Amino acid sequence: MTKIIEPSKQSSIFRRPSSETGIWSWITTVDHKRIGIMYGYAAFFFLLIGGLEALILRIQLSQPDNNFLTAAEYNAMFTMHGTTMIFLAIMPISAAFFNYLLPLQIGARDVAFPRLNALSFWIFIFGGAFLYSTFIFGTAGAPEGGYLAEEVGWLGSAPNGGWFGYQPNAGMKYSPGTAMDYWAIGLQILGIASLISAFNFITTIINMRTEGMRFMRMPVFTWMTFAVSFLLAFSLPIIAIALFYVTFDRKFGTTFFLTEGGGDPILWQHLFWLFGHPEVYILILPAFGIVSEVLPTFSRKPLFGYAAIVFAGFGIAFIGFGVWAHHMFASAISPVAQAGFGLSTMVIAVPTGVKIFNWLGTIWGGKLKLNTPMLFSLGFIGMFVIGGLSGVTHSIVPADTQQTDTYYVVAHFHYVLFGGALFGIFSGLYYWFPKVWGKMYNESLGKIHFWLMMIGFNLTFGPMHWLGLQGQVRRTWVYAEETNLQFWNIVVTVGAFIIALSIIVFMINWIFSKRTGEKAPFDPWDARTLEWAIPSPTPVWNFSTAPIVKSLDDFWHTKYSEDEEGRAVRREEADQILLELEEDGLNPSEHIALPNPSYFPIVLASGLPFLGYAVIYKSIPLALIGTVLLLIGGFGWGTEPLEEEIHIDSDE
Amino acid sequence: MITLYIVSTLFLIIVDNINMLVKNIFKLKNLKFSALILLSACIENAPLDSLSPEGPYARSIDELFWLTFWIAVVIFVIVQGALLLSVFVFKEKPDSPEPKQIHGNTKLEILWTVIPVIILAVIAVPTVRTIFDLANEPEDALKIEVIGHQWWFEYKYPDYDITTANVLVIPADKPIRLEMWSNDVLHNYWVPKLNGKRYLVPGQTTYLNLHADSPNEFWAQCGEYCGLSHSKMRGRVLSLSESDFDAWVKNQQQNANKLEGNSLAAEGQQVYLNAGCTQCHVIDGVWDVQGDRIAPNLTHFANRNVFAGAALYNNEENLSKWLANPAEIKPGTFMPNLELTEAEINALIAYLGTLK
């Protein structure tokens with residue numbers, strides 16, 4: 001068996017941490033797999049919180065003129081629901097997949113910058129904690145000169161200007177208190193985390209591909225990671241600057257968005273959506289990638305139109321920067337701009353359609369195994385098509401001026417981001433469960449989860465189309481009884497609780513399967529990509545020997561050849577190859593050097609919330625604490641000895 | 001250049017004809033009617049319904065929506081059908097052979113790129129045309145200014161020198177040009193049965209056309225999230241026949257009479273003048289100095305069937321609730337609780353009832 005040799009040499013005043021197990025091993029880890037797992041759990045935690053907020057909103061809306069929540073609480077809840085789901089749940093859960101899978105799919109031992117990877121994770125954690133500390137420290141209230149009948153309460157002292165933070169409503173005059181500062185600075189911190197990982201992944205994909213892994217041999221999930229990383233790198237700086245403007249307006253009296261000082265509130269909308277629309281593709285492209293892995297595997301066919309899917313993905317990412325004003329069709333933009341952005345929005349439907357048709361081409365003529373990951377991927381296609389088609393109705397600008405800001409839009413983007421992104425994510429969670437834990441999940445519970453979620457999802461978001469067309473406006477705390485919207489609102493609320501039930505089933509499955517599930521073979525799905533060519537759970541060192549790739553879906557081709565009809569035929573030697581791969585994967589025959597754990601990513605990251613608090617409370621001492629932590633982190637990082645690597649040697 | 005121009009014009013004409021063809025094939029109206037019956041099984045008389053237009057602007061949007069809707073339905077059926085069909089046909093069975101390893105098909109790729117482009121072009125032409133039709137200023141339109149406040153709409157008629165709130169009164173079957181801006185945050189003016197939404201922006205003027213077929217009452221609602229009481233920023237649009245509208249204008253141009261004597265209403269007038277109401281509210285002929293904070297002009301308060309941003313019907317019960325503590329009904333409101341006694345409230349209600 002393998003042993004891990006600890007070097008005794010100490011070449012600096014700092015010792016690098018050496019824990020292999022226990023809490024410190026997780027805090028100091030730079031292993032992309034562990035970071036991926038931590039990203040996943042943290043994001044799932046926030047998904048539960050965001051879901052809880054959604055349930056609270058739905059209870060309030062189940063009756064007309066309900067008083068379950070106050071207006072302040074309702075506004076805080078919908079702001080935090082949106083912000084949480086986008087920035088703290090879906091984005092980081094995608095990051096979890098990127099982290100865990102990207103190096104495995106390209107045959108690498110880790111990402112290009114392991115410590116930056118850890119830094120990105122810890123900044124995300126501190127950013128999320130900072131944002132949520134608003135419930136303890138934040139304050140909110142009526143606009144300057146306005147009156148409230150009752151105290152705002154802790155539930156209402158969260159950011160309340162919407163996740164889109166439209167100015168000037170989210171400015172100091174109309175949203176006094178500190179809650180919106182927590183929002184602006186919290187997003188700023190989270191943005192840093194995403195930027196760091198974006199550059200890390202871009203560098204990894206360009207430089208760390210194993211021998212023979214040409215670009216056009218990369219799995220589609222890796223391609224989508226690549227596209228998302230570029231989207232992040234180009235769109236986050238825009239929101240970063242806009243958020244600085246907001247913070248300066250709120251804290252230091254500038255007037256970037258205030259008309260009375262010569263500013264322009266519509267400027268915020270342009271900046272926000274110039275980030276915000278690419279953000280939509282940041283949320284959905286990872287799911288496209290997951291589905292493009294799952295469908296071929298469970299259809300036992302190669303992905304139909306690999307190149308078309310890759311280029312369509314990049315087409316979507318590129319055009320995604322040219323459609324932002326379709327969020328502003330009712331806003332103060334000219335008819336020429338309306339026409340232009342309406343057309344560009346129609347154009348983006350074309351590459352999206354190409355993807356969907358290619359996925360259909362993939363399953364057509366296949367031999368479909370309807371396991372849970374496949375069900376979620378098929379569900380993804382079905383639900384995403386609905387979201388895509390309702391999206392096309394938004395490009396019809398005049399129709400959009402009826403639909404915008406109503407529940408029709410809420411229905412649309414939940415079909416895209418829940419029926420799309422989240423279904424894709426669940427598909428991926430089940431698909432790679434055996435790889436991550438070395439155990440099989442419970443198939444029956446998985447199917448119950450899928451069907452419950454499918455029913456709950458459609459009950460929740462299907463009727464919302466109708467409610468929107470019947471005039472239920474978004475972000476409204478109450479609706480009048482005379483609007484006759486009650487019936488479908490009750491249905492929606494019931495649907496939301498069915499979704500909650502399905503999530504509980506998922507959690508039970510996860511917890512018990514992880515403990516007591518059957519041991520997973522290393523290639524349970526007869527899959528196609530490199531991560532299945534190594535043992536489950538993935539060894540610390542990923543690959544014992546760097547794999548050499550000769551074609552797209554190389555791993556599949558080592559197992560299968562084609563007969564004269566073009567049907568897949570299992571090679572006689574396939575079983576032998578798999579046995580050798582497993583044996584080899586567990587017992588590296590060469591000397592492996594892995595990057596050392598480090599204390600400094602978490603130290604450096606811990607400085608940022610202090611800087612955030614320093615800006616909110618204009619406090620020099622807090623700024624000093626934050627700066628000192630940053631400096632210690634940076635200095636320690638820079639002077640850490642690099643040569644004290646963990647070495648793994650085989651006994652032979 | 002000329003060739004290009006001719007070709008593109010021809011293309012547009014062809015596309016436009018396809019558009020007409022599609023409309024005819026689907027017999028839009030009939031299908032739409034049956035779909036409505038199906039969908040409206042549980043909702044009747046939704047006053048904010050965007051699918052029952054009552055004017056030419058809303059109708060042109062509606063037609064565009066249903067055109068897109070039916071095209072989307074066809075695509076939906078094809079794609080979901082293909083999805084379900086493949087699942088049922090190609091689901092793994094004990095005797096299924098290994099599938100053929102097909103990597104793609106260039107002809108198909110081109111086909112399913114080009115067909116969506118053509119479909120979208122069919123939708124694009126009427127879309128662009130409608131955008132400009134809706135934006136054009138109609139001839140002989142009545143100009144009305146709409147000013148957004150947290151959380152109510154103010155209306156000014158520059159031609160008639162009228163200032164009012166919450167209820168927009170317009171002549172039926174006549175184009176209306178709204179010139180809109182906001183006094184504070186972004187708002188969004190929406191009368192679903194007459195037209196789509198348009199933002200009210202501080203420091204900028206935006207425009208929206210309305211046109212109601214016949215005399216009727218319509219609901220309005222602020223569409224853009226504008227703070228605590230966004231959901232209660234509502235409105236009414238009242239379209240009147242020509243003679244009724246003229247009578248309304250005449251009445252609105254009258255000042256209120258200053259009440260003398262010892263009636264309850266006259267007491268109410270004293271409350272209005274002394275309790276602090278005049279800081280924000282104007283009643284022409286009684287108190288016409290507008291304070292810094294603008295609140296609805298009350299000169300013809302009793303003429304309006306709703307108040308408080310159209311969140312409440314104008315009746316005694318609602319008025320006494322509102323006057324006792326406005327923030328209870330509209331959180332964040334700028335109207336303070338003046339701690340009026342019950343007697344003062346009753347007097348005020350009596351007075352407000354005289355402001356016809």
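**Exercise 1. Work out how much of chain A is buried in this predicted model, and how its fold is put together.**

Start with burial: 60% of the 652 residues of chain A count as buried. The cut-off used here is 20 or more other C-beta atoms within 10 Å of a residue's own.

Next, list the elements: chain A has 20 helices and five strands. The radius of gyration of chain A is 25 Å, close to the 26 Å from the globule rule for 652 residues, so chain A is as compact as a globular protein of that length. Along the principal axes, its C-alpha atoms fill a box of roughly 80 × 65 × 45 Å.

Finish with the contacts: among those in chain A between residues at least 6 apart in sequence, 82% join residues at least 24 apart.

**Exercise 2. Describe the side of chain B that touches chain A.**

First, the extent: 89 residues of chain B are in contact with 89 residues of chain A. Then look for the suppliers: helix H3 (56-90), helix H4 (106-135), strand E7 (198-200) and helix H8 (326-329) of chain B each give at least two residues to this side.

**Exercise 3. Trace the five-stranded sheet of chain B.**

Write down the order first: E3-E2-E1-E5-E8 (chain B), an open sheet with mixed pairing. Strands E3 (162-165) and E8 (206-210) of chain B each have a single partner strand, so one side of each lacks a neighbour in the sheet. Neighbouring strands are turned by 25° against each other on average, direction ignored.

Now zoom in: strand E5 (residues 176-182) of chain B runs antiparallel to E8(B), joined by five bridges. Leu178(B) has Leu208(B) as its bridge partner in E8(B).

How values were computed: Residues are numbered from 1 along each chain as its sequence is written. Chains are lettered from A and ligands numbered from 1 in the order in which they are written. This is a predicted model: local features need pLDDT of at least 70, side-chain atom pairs count only at pLDDT 80 or more; totals for chains, interfaces and linings use all residues. Two residues are in contact if their C-beta atoms, placed from the backbone, lie within 7 Å. Helices (H or I, at least four residues) and strands (E, at least two) are DSSP runs, numbered from the N terminus. The radius of gyration is taken over C-alpha atoms; the globule rule is 2.2 Å times the number of residues to the power 0.38. A residue is buried if 20 or more other C-beta atoms lie within 10 Å of its own, exposed if 12 or fewer, and partly exposed in between; C-beta atoms are placed from the backbone. Two strands pair if DSSP finds at least two bridges between them. Axes are lines fitted to C-alpha atoms, for helices over the stretch in contact, and angles run from 0 to 180 degrees between N-to-C directions.
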